[in-house]
Amino acid sequence: MNRRSMVGAAAAAIPAAAIATPAVAQALPEIRWRAASSFPRVFDVLYGTFDRICARVAQLTDGKFRIQPFPAGEIVGGLQVLDAVQAGTIEAGHTAAYYYLGKEPGFAPFTAMCFGLNTRQMTAWFRHGGGNELAAELFREYNIHGITAGDTGAQMGGWFRNEITSVDQLRGLKFRITGLAGQLFTRLGAAPTLIAPADIYPSLERGVIDAAEFVGPHDDERANYVRVARFYYAPGFWEPGARLHFISNQRAYAALPDLYKHALDVACAEADADMVARYDHLNPQALRRLVAAGAQLRFWPRPILEAAWRANEEMVADIGRQNARFARIMESYNRFRTEQFQWFRIAENSYDNFAFSAAQTVR
């Protein structure tokens with residue numbers, strides 16, 4: 001059985017019998033890694049998840065395997081984590097694969113796709129629909145080993161200096177945005193740019209950009225975006241969930257004892273579940289405070305969503321014609337998406353559509 005497929009409820013039991021035994025731990029080598037996050041320390045869920053993974057690995061190995069975490073900028077910049085791990089400058093990192101689609105568009109589906117799989121659906125695709133195998137194939141070519149390690153859940157649509165009511169208002173808009181969504185907004189007439197998280201606020205403040213998206217209310221509140229852009233849009237249709245990866249240099253990973261590899265799998269599987277749970281707990285509270293602080297909550301008009309849907313379908317098809325690997329990944333992804341969307345419409349979506357509104361309207 002593939003080790004990754006063991007991760008989950010059953011995998012969590014591994015350390016109790018194997019890792020926590022002092023005699024076993026004493027027989028294993030002491031290993032020290034350095035690892036970098038793509039996120040500053042101020043983002044306590046994003047960076048905090050990485051920090052907790054490192055602490056959990058140490059706990060599961062009786063302190064024999066320690067990973068020292070560093071926030072973005074202390075060793076390498078937030079968008080250079082993959083390069084540093086690939087080169088062996090550091091042993092590991094915590095990052096979003098779609099930050100590196102300039103190297104290879106096939107990285108994008110392993111974080112988020114516009115109008116794509118949500119968090120639960122992504123977990124299912126990775127674990128049972130072939131996603132992990134496709135990711136491993138790509139990551140090997142960049143000398144890294146990747147493990148899914150956290151998800152944001154559905155994100156918000158960003159902060160804008162001016163209200164956006166039509167597709168025409170997107171023309172020329174300087175918009176900080178990540179992933180293939182940047183190419184989508186180019187097709188809608190905007191001028192997207194990728195800026196590391198630490199640089200978003202000053203770029204908005206100085207007017208270098210007109211709008212920016214990051215994650216959601218909890219992180220956006222900590223970054224104080226409401227002070228420099230008033231209109232807060234939903235949903236972030238380009239990130240119905242954004243999956244992060246813990247990446248390791250292949251040689252460093254291969255040298256680990258199997259028990260340490262299991263510890264990494266367990267710690268990252270726990271992060272997959274815990275990160276989105278933290279956001280689900282914290283985001284509603286932060287959104288209330290942001291609105292009280294002056295944020296003007298808006299929803300994307302349907303004509304913009306429809307134009308974005310059409311542009312996305314054309315974009316994915318165009319990239320697939322130019323890149324055989326991307327086409328193969330998306331064939332798996334879209335086949336899975338079709339089934340998931342059909343199923344969620346029957347049970348999940350029909351429940352959500354009634355219950356979420358009924359809580360406010362039915363008396």
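Six strands make up an open sheet of mixed pairing, arranged in the order β7-β6-β8-β5-β9-β11, where strands are DSSP runs of E with at least two residues and helices are DSSP runs of H or I with at least four residues, both numbered from the N terminus, and where two strands pair if DSSP finds at least two bridges between them. At the edges of this sheet stand β7 (191-193) and β11 (296-299), each with a single partner strand, so one side of each is left without a neighbour in the sheet. The model is predicted, so local features need pLDDT of at least 70 and side-chain atom pairs count only at pLDDT 80 or more, while totals for chains, interfaces and linings use all residues. Residues are numbered from 1 along each chain as its sequence is written, and side-chain values use heavy atoms, with hydrogens and water left out.

**Strand β9 and its partners**

- Strand β9 pairs with β11 in the parallel sense over four bridges, and within this pairing Y232 stands opposite L297, while A234 stands opposite F299.
- Strand β5 (residues 158-160) runs antiparallel to β9 and is joined to it by three bridges, with W159 having Y232 as its bridge partner in β9.
- In a regular strand the side chains alternate between the two faces of the sheet.
- In β9, F231 and Y233 point one way and Y232 and A234 the other way, and all are buried, where buried means under 20% relative accessible area, exposed means over 50% and partly exposed lies in between, using a 1.4 Å probe and protein chains only.

**Aromatic rings**

- A pair of aromatic rings is described by the distance of the centres and the angle of the planes.
- The count comes to 31 aromatic pairs, taking rings of Phe, Tyr and Trp (its six-membered ring) as paired if their centres lie within 6.5 Å, with planes under 30 degrees apart counted as stacked, over 60 as edge-to-face and the rest as tilted.
- The rings of F185 and F237 have centres 6.1 Å apart and planes at 20°, so this pair is stacked.
- F185 belongs to helix α7 (residues 181-187) and F237 to the loop between β9 (231-234) and β10 (243-249), so the pair ties together parts that are 52 residues apart in sequence.
- F237 also pairs with W238, and because their ring centres are 4.7 Å apart and their planes at 80°, this pair is edge-to-face.

**Helices α3 and α11**

- Helix α3 (residues 46-60) packs against helix α11 (residues 258-292) at an angle of about 145°, with the axes 9 Å apart; the axes are lines fitted to C-alpha atoms, for helices over the stretch in contact, and angles run from 0 to 180 degrees between N-to-C directions.
- The crossing of α3 over α11 is right-handed, a term used if the near helix is turned clockwise from the far one by less than a right angle, with anticlockwise giving left-handed.
- Among the residues that meet here are I53 and V57 in α3 and L264 and C268 in α11, where contact means heavy atoms within 4.5 Å.

**Cysteines**

- A disulfide is a covalent bond between the sulfur atoms of two cysteines.
- A search of the whole structure finds zero disulfides, the cut-off being a pair of cysteine sulfur atoms within 2.5 Å.
- The cysteine sulfur closest to that of C54 is in C268 at 8.9 Å, which is too far for a bond.
- C54 is buried with a relative accessible area of 3%, and C268 is buried with 0%.

**Two further residues**

- I67 lies in strand β2 (residues 65-70) and counts as buried at 6% relative accessibility.
- The C-alpha atoms of I67 and R34 are separated by 5.7 Å, although these residues are 33 residues apart along the chain.
- Leaving aside neighbours within four places in sequence, I67 is in contact with W33, A35, C54, V57, F246 and L264.
- N323 lies in the loop between α12 (302-322) and α13 (324-361) and counts as buried at 16% relative accessibility.
- Not counting residues up to four places away in sequence, N323 touches E104 and P105.
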